[in-house]
Every structure is written in structure tokens, then in C-alpha cells.
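I wanted to know how charged side chains pair up in this chain. These are my entries, in the order I looked things up.

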Amino acid sequence: MTTDATATEPLSIALVGSGPRGLSVLERLAARLNDGELSGRQVRIHVIDAVEVGSGRVWRTDQDDWFTMNTVVGQVTMYSGDPDGGPARPGAGPSLGQWIAERARTHGEPLLGPDDYASRQRYGQYQQAVYRSILASLPERVEVVELNGRVEHVVPRGAGGYVLRVDLAPYDLPYLIEADKVLLATGHPTNQPDEFEQRMLAFTERHPGTAYLCGDSAADMRLDKDTIAPGATVAIRGLGLSFYDVMLSLTVGRGGTFDTDRDGTLRYLASGLEPKIVTGSRSGLPIPARGRNQKNPDHTHTPVFLTKQAVAEARARRLAETGSGQLVFNEDVLPLLMREVEHVHQEVHRRSGATTPAEPIDLQKLARPFQGELFADSREFEARLLEVMRADLAAADQGNAEGPLKAALDVLRDIRNVVREAVDFGGLRPDSYAREFQRDFLPVNSLLSAGPPIARVEQLVALIEAGVVEVAGPATDFAADEESGTFRISSPQVNGSERTATALIDARIPTPDLYRDSAPLTRSLLTDGTISEYRHADELTGEIFYTGGLNVTQAPFHLIAADGTVHPDLYALGIPTEHTRWFTQVGSGKPGLNTLFRQDADAIASDMLSTAARAGLQYLTSVAAR
């Protein structure tokens, strides 16, 4: 009678989704297996992706190269450890910047410095290299099975574990997998149309020659000349990061180029195939540029005011005063966050040689610079808009360490982990979460802390000056006009701003919402009760806030069923868990740091292997008893 772990069946793991989150778990599984965990037992890992195994949909390698990341290459890594002189492998490998530099040296590919920005296509290629290094390093007892297909069902099997139905691309052939452990890392959703979108789509059905495109990754939108004709007017809803992607697709993607005059001014040279772009948003302000990077890849901000201890103390005070430890964002968190921002602002301002304090930062004013202003006409608004944009570009050029404004706003990024301590898993009272955090703070935070590279904003300025892009103004209204059979765009703050368009594009990334997610897998899991929505409960009043987020435990993020049962072998990570956790869009770690991105992946990998080891031991014990 054997007591070796080989007496058990091979451990079968299914990773559904192989973008950054799925790949991060694979990397940590491989590192642990290479270190001898679960030694003696065969392991089979199914890596499943509907678009591209090893990169996923958003980072797929066949997209156009003008879609750009908004994090510098030196601060991006998919490895959980830095290079150690040996070959790239799980636990030790190059950052994106180091990989690009090595490719430039050995293959003559374009070189980017550590403070430059790579295309999303390039990051997808890097992920493919990481994926190949994982496969090359695995011990013989570990098998990886790649499946390019869409998982449609995950159902429990009688003996424990799950059965997955995968429709293989491109033939829609059903394929069944049995797995002991399953990770859902499915990334950005494709949502069913909301009420506004349904109205717009119905409008296009009644009016041939018009088009409405729902929000999605720009690489997956129908931005071709058949949908949006050269010379036609197209309206774009939203001025965030995705707007820049759509803007470039309709200009550079149509053959236009940018050139710099002798005086250093960037100009746009039209191809003649562009449409006329009219755009707008609630603020009327295109998302500002990120400050020129001046920070090392392993830079960390040490909080002074908004610390984990301060959050814990605030929670203890609330508990003593009210009987509930749930916080109120505007009272318990935001004041500390603003002190943190202002502390950095004044410190950098003083280092610049200033002898008097800087004017305090007002996030609302920065994010809504045109609030309360009325403009006589579109030309007056455009002049004001360009003034604001050029001032922001000047601040961005000062850098994110030496420029007082951008250094301060970078705190909003650097402090995310402490904010998560306050808000994740119902840390705020539901009314505070819904109104103060989600409705009021998050749009401002996203606008001011997650901007594109300076070059993208400079290109937008050039397109506005060339007359290719027009920003309608603040509080932009988008509507469909039955009489004219066109879309109408206008700003109530800009006299004479109304324009008509034959196409309307929503350039906003869809918000995760279980009940609007159109994926067959999500629909089936909801129908079966295997998964549930995270419902944010007020511990004092019993009020419930329905979040639309996927309900999971704290690390290692087991899924919770509709009846409250915790699935010990079913995990979820990343964007589907947004609203239960905050800012799950992070798609990489940072070199030299044990980031939350790495910790999340390792928590799942550790649990998968340790629970499998315990199950194997129980199996051996039962065999020995017989």
C-alpha cells in the first residue's frame, strides 16, 4: 500500500481568462510548483481564453499600435520577482521595460525608455513572452492545456469539483473539462444595453444611415469607414481614456499624421478620410495628462495622514459611538485623503524654491473647471478649454515628483491600498458608499489620477486647432432627433453649441454589473445560483445597496452562492469583483514591490495547492484505513 501522493488523481485546475489576472495566478502556481509544492502529484492546468491565450481580449496582440497603456514601462511587470541573472521564469523575470530593452538589443526592435509608454499590443506581446517562460519552466509532472474558446457553463460534479463546457473557437464545438479548482478571471464585461442605449439602437433601426456604438474597448468597436464615413460628423460620448483611443482610430487610423513645426508646435496633417468629431462629457474637460514620470519603478508613497492605522482608529470610533464600524467617507476618509494630497502639494512647492504657500488644491474645481460658467459661443468655450488644457500640460511637464500639482495628484494613485482598507467589503455605510464615494468621489478621482501620456493630450490640442475635433461643452446632452433622423449634441452652458451627427459612439468603458453582463457563463451561473450579487448592508438600519458586483470572500476570493454557501474550490479575481472590492482594473505588478496585484494572485495559488494537498492527505489516510 503506497503512501505517496501519486496515489491520488491528478489535480486539475481551470483558469478561465488569461489576461493579466489569470496570467498572474498561473505565474504564482508555477512558481510554487517549481519550488516543490504538491511534489509527487500530477497537475493539469487548463488555460482558457475566448480571444487569445496568454494575453486576453484587451491586450491581444493583433490590435492597432496606437492603443496605448497609461503606465510607464518601467513600472510594469508580470513576474512576482525581479531578474536574478538566470533565465526568465516564474518568480524571476524582467519588467516590461527591461524586456523591451532586451528585444531592442537582440532583435533590433524599437527601444523605449523606462519612462515611456508602450502600446497595448506591445504589452500583449510581453504577456505572451511571460506565458512562454512559464510553460518552459514547468516540471514534467505539470501539464498545461491551452483552449481558445468561451466557457459557457461551470456546474458542480457529484464527486467534488466542477465540469466546464467550453465552446471552442472558431467552430463552436462543445468541449467538456473536469476541474478540481476553477478561477474566473474574465476581465472587462460586454453588457446588455441599458435604457439609453436601447433607445439609441432602436433609433438607428428606424433611421438607416445612422449608427450607435455601445461602450467597449475601442479595438473591438466598428470604427471603419463603412460605419463612419469620411467627412461625416460623429458624436463621441465621454472624454476619458477610451475617448483618446477612439479619437486616434478615426484620425491616425484613417491615415492622418502629426508633425512638429520649427517653433515646436504640434500640428495635425489630415488625410481627408477623417470624420468631423464632436464630443463632450459631464465636465466638458478631456481627462488631463499624467505628470511626466520622475519616479523609480519601486517608488512607494509612505502615508502621513491617511494610514491604515488611521482607518482602523476611525472604525473603532464609529463602533464605539454607533455600534457599527462602518465609516462615512466624507467624514472619516476624505478629510485625511485631502490632507495627504495637500501635504505633498505644499512639500513639493517648497522644494521648488517658493517662499509662500501654494494655493490649496480643490479637486472639484480641477475636475469641473467650467462649473457655473456661461459662454457666448463655441469659439469662446474652445479658447477657454485650450487655456485649461495648456495649463495642465505645463503642470504635467514639470513632472510627478518635481511638479507640485501632478505630484499631489499622484497621491490619489499611491494611496489606493489604504482607501481600499476603508471601502472594500462593506467598509462604508451603504448611503455613503453610493453617494459620497461612488457618485461624487470616484468620477473626480478617475479624471485627475488616471490620465493618458502628455503626448496624447498634445495630439488632442492639435486636432482641436485643426478643426477635426470639437468639444461641445460641459453637461453635454446627447439625444436622438426623430424629425431630422440625426443625433443632437449640445451644452447648456455654451450658446449655439448644438450640432448634429449621423453616428454616436459611447467612449466609456462599461461598468461591471452581473445583471447586465451578456456573457453566457455569467448568465448561467446566476440562473443556477452558483454566484450571487454583493449586497452592501447597513449594519445600523438594515438598508441594502445593490451593487451589481460579484460576491466573494476576502482573500483567496472564494465565490459565494445565492444561498450564502461559500464555494471552496471556485475563485474569482479582478474586474467582475468590482463593487465588492475597489479598483480591480489593475493589470500588472510593480518591479521590486510585493504589490496587492501579486498578493491576490499568490493567495489564490496558495489556497488551490494547499487545499489540494490536504485533500490528498485525507485520501491517503482513508486508503490506509481500508
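I checked Asp-600 and found a relative accessible area of 5%, so the residue is buried (under 20%; over 50% is exposed, in between partly exposed; 1.4 Å probe, protein chains only). I was working on a predicted model, where local features need pLDDT of at least 70, side-chain atom pairs count only at pLDDT 80 or more, and totals for chains, interfaces and linings use all residues. Residues are numbered from 1 along each chain as its sequence is written, and side-chain values use heavy atoms, with hydrogens and water left out.

Next I looked up the partners of Asp-600. Arg-581 forms a salt bridge with Asp-600 at 3.1 Å, N to O; the term means a side-chain nitrogen of Lys or Arg within 4 Å of a carboxyl oxygen of Asp or Glu. Asp-600 is in helix H15, Arg-581 in the loop between strand E20 (566–572) and H15. I took helices (H or I, at least four residues) and strands (E, at least two) as DSSP runs, numbered from the N terminus. Arg-581 is buried too, at 8%.

Asp-600 also forms a salt bridge with Arg-21, with the closest N and O atoms 3.5 Å apart. Arg-21 lies in helix H1 (residues 20–34), so this pair ties together parts 579 residues apart in sequence.

I then turned to Arg-237 and Asp-506, which meet at 4.0 Å, N to O. Arg-237 is partly exposed at 21%, whereas Asp-506 is buried at 3%.

Last, I searched the whole structure and noted 47 salt bridges.
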